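Subject: Structure handover and notes

Dear colleague,

Please find the structure below, followed by notes on what was found in it. I have put the cut-offs beside the terms as they come up.

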Amino acid sequence: MATDYYAVLGVRRDAGQDEIKKAFRRLARELHPDVNPDPKTQERFKEINAAYEVLSDPQKRQVYDLGGDPLSPNGGGAGGFGAGAAGFGFSDIMDAFFGAASGQRGPRSRTRRGQDAMIRLEITLEEAAFGTTKELQVDTAVTCTTCSGEGAAPGTSAQTCDMCRGKGEVSQVTRSFLGQVMTSRPCPQCQGFGTVVPTPCPECAGDGRVRARRTLTVKIPAGVDNGTRIQLAGEGEVGPGGGPAGDLYVEIAETTHTVFQRRGDDLHCTVTIPMTAASLGTQVPLQTLDGVEEVDIRPGTQSGQSIPLHGRGITHLRGGGRGDLIVHVEVQTPTKLDPEQEDLLRRLAVLRGEERPSGQFAPGQQGLFSRLKDAFNGR
């Protein structure tokens, strides 16, 4: 090292910024050209200015302490590479290679936010339609009560790392085409925290959190569907070091209903009736989500017709009202008749002139797009 900047200012190597500043001011008053115009004194004045420039800047001082000289022509400092017309200084080069692009430097916190978690919750169709309240048993990470999240055993505390002196990183100076370049990496002793825990908490092994089972009450809004996720803010895992908890997401899984099939907010079901009931008309009791209701089967109802019960479906999740309940009718033709029943049907066929029906033939059943095309073409 060509110049001992500490000796120039007359301070110890572990001197603080206040001591360095006082030493510089004292010498500057004695050696300022206005006070002492001697040429040798002026050279000495330049030396103390250079020493103060290095030692008053923590970054430059760190490079100097590691064996570099930020003011040397090969050191990449204020008077070195890029300091002329381009206007780049030592800090500009360091930021370009190791600074702002790599994020904030210094020790990282032991306290971090916990992870989010998700749990599936099965509910019935009725609960999805009208909403409900459920209690959940959740196994998750909670703050350790023994150390209150600190990670250190009771009566002890974290201590400053003696390798990095609390900085969380260690640096070294290497030579490159730029000259002397300082690189930093996380301290291997404290893993970048800047502190070490000599006596970890026996309950959480220094993590600041333990696994535990909690009971949560979850309000399920009316209208939820399969895959709907409900966010419970701050009910997830507590972070390391007793950090803030993440969120818990409850994913809805709706169980299959024995009668109804859900399509959006509408419900669908099929009722099978004999041909006599379809011909004459009847009323069929149906257990809906709101109770028993009579489904009116009008005389002459055909197989495949639908009967809507408005407002008997699922509550809309966003906005008021409910979907509909659509009852699909299927007319059942008897397959086995006793002699008396067969005789009655034959006489009915004679009365209706249907002993030998000619039938009505039409093209095969059209698909949805074919029917739409015919409708647009006026067919």
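Thr 140 touches Val 210, Arg 211, Ala 212, Arg 214, Gly 236 and Glu 237, where contact means heavy atoms within 4.5 Å and residues up to four places away in sequence are not counted. Thr 140 belongs to strand β2 (residues 132-143), and because its relative accessibility is 3% it counts as buried (buried is under 20% relative accessible area, exposed over 50% and partly exposed in between, with a 1.4 Å probe and protein chains only). Helices (H or I, at least four residues) and strands (E, at least two) are DSSP runs, numbered from the N terminus.

This is a predicted model, in which local features need pLDDT of at least 70 and side-chain atom pairs count only at pLDDT 80 or more, while totals for chains, interfaces and linings use all residues. Residues are numbered from 1 along each chain as its sequence is written, and side-chain values use heavy atoms, with hydrogens and water left out.

The largest pocket has a volume of about 410 Å³. A pocket here is an open set of points on a 1 Å grid over the protein atoms alone, where a 1.4 Å probe fits, with protein on both sides within 12 Å along at least five of seven lines, and lining residues have an atom within 4 Å of a point; the volume is the space filled by probe spheres set on the points, which are joined across faces, edges and corners. Of its 15 lining residues, Gln 62, Asp 65, Leu 66, Arg 165 and Lys 167 lie nearest the centre, and the elements giving two or more residues to this lining are α4 (58-65) and β4 (169-176). The lining of the largest pocket divides into six nonpolar, two polar and seven charged residues (Ala, Val, Leu, Ile, Met, Phe, Trp, Tyr, Cys and Pro count as nonpolar, Asp, Glu, Lys and Arg as charged, and the others, Gly among them, as polar).

The second largest pocket has a volume of about 330 Å³, and of the 14 residues that line it, Met 275, Thr 276, Ser 279, Val 331 and Leu 348 are the closest to its centre. Its lining holds seven nonpolar, seven polar and no charged residues, with the largest share, four residues, coming from α7.

Finally, in helix α3 (residues 39-55), the buried residues are Thr 41, Phe 45, Ile 48, Ala 51, Val 54 and Leu 55, and what covers them includes α1 (5-9), α2 (17-31) and α4.

Best regards

Key: The expected span of a helix is 1.5 Å times one less than its number of residues.
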